[in-house]
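Here is a short report on helix packing and aromatic rings. Please look at the sequence and the 3D view first.

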Amino acid sequence: MTRHRLALSRRRLLAAAALGAVAAAPAAFAQGWPTKPVTIVVPFPPGGGTDAFARPLFAAITKNTGRQFVIDNKGGAGGTLGASVAAKAAPDGYTFFMGAVHHAIAPSMYPKLDYDILTDFVPVGLVSSVPQVIVVNPQKVAATTLPQLLEFIRKNPGKLNYASAGNGTSHHLAGELFKLQTKTFITHIPYRGAGPALQDLVAGQVDMMFDGLGSSAAHIKAGRIRAIAVAADKRAPGFPDLPTAAEGGVPTYKVATWYGIWAPKGTPREAIERMQAEMRKALESDELRAQWTQLGTETPNLWGEQFGAFVASEVKRWAEVVKSSGAKLD
């Protein structure tokens, strides 16, 4: 064999080896991932709706994989602080972000966000979609039905207040939408997350709240707060006695709080696909299906690009609500 042919053969062998290594790398990554703890950034304090779904989901995934999936609560600025932190995290497959409908609202409420939910993240999948529920402190508000509540508010404009998880969150916009559609006035009191807001509602520091059913569920069942109506087309799983807003005379009032998982842009596809597989396994288990029913929702099935398209549609929808309601940062 000539020297030229020998050199050519060596180059071909090296090229083939390199191609083989590239082809094997994704499979090895997927098979070995995760080799260390995975951080899930939750952009609200403990005790809110995001936490109510994040903790059982990732406890199940930790159990199934034998690896640690750690919740990192980073509350503030209506959930946008945690989102900003997650967007800037190393895209190595070891940081994911659990956001919510609030992050589809934020672009219309916060003009100077340093991240874009549609371009700085890769959509992984929907975790749950829970109807909003109108809840009141029974010691502060005597109404037990939506017509009774509306009658009191109209006779006493501004007397009642409502807590939210913060400016620009679904709790805030749900309240503003309610006021717009019922032509009423209730004072908005923003908090640094649904957990603290809910604590003050239970304690009687505020009168009412437009909360995700998932975070209010346990308090409703314990009688600490009273559910007035659910903002959905049909009654919620696990709450068959709770009327819809339509049944209470406000047929157009429909709001859901949904929660989903994203990865920072640039995260290896193999890590995302493995995360999706582990999420599916956990969400389809009898244990989590039962928990989701108790929290007022059903098991979703929206992944990847379809989930991303849904988020884009929500960004557009809430921009219109913000404009129509005139909602502003308090």
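How many aromatic pairs does a search of the whole structure find? The search finds 17. Rings of Phe, Tyr and Trp (its six-membered ring) pair if their centres lie within 6.5 Å; planes under 30 degrees apart count as stacked, over 60 as edge-to-face and the rest as tilted.

## Basis

This is a predicted model: local features need pLDDT of at least 70, side-chain atom pairs count only at pLDDT 80 or more, and totals for chains, interfaces and linings use all residues. Residues are numbered from 1 along each chain as its sequence is written, and side-chain values use heavy atoms, leaving out hydrogens and water.

## Ring pairs

Trp-258 and Phe-310 pair edge-to-face, 5.2 Å centre to centre, with 65 degrees between the planes. This pair links distant parts of the chain: Trp-258 lies in strand β9 (residues 256-264) and Phe-310 in helix α11 (residues 304-325), 52 residues apart. Helices (H or I, at least four residues) and strands (E, at least two) are DSSP runs, numbered from the N terminus.

Trp-258 is buried, at 1% relative accessible area. Phe-310 is partly exposed, at 25%. Buried means under 20% relative accessible area, exposed over 50%, partly exposed in between (1.4 Å probe, protein chains only).

The ring centres of Trp-262 and Phe-307 are 5.1 Å apart and their planes meet at 45 degrees, so this pair is tilted. Trp-262 is in strand β9 and Phe-307 in helix α11, 45 residues apart. Both Trp-262 and Phe-307 are buried.

## Ring cluster

Ring pairs join Phe-97, Tyr-115, Phe-121, Trp-258, Trp-262, Phe-307 and Phe-310 into a cluster.
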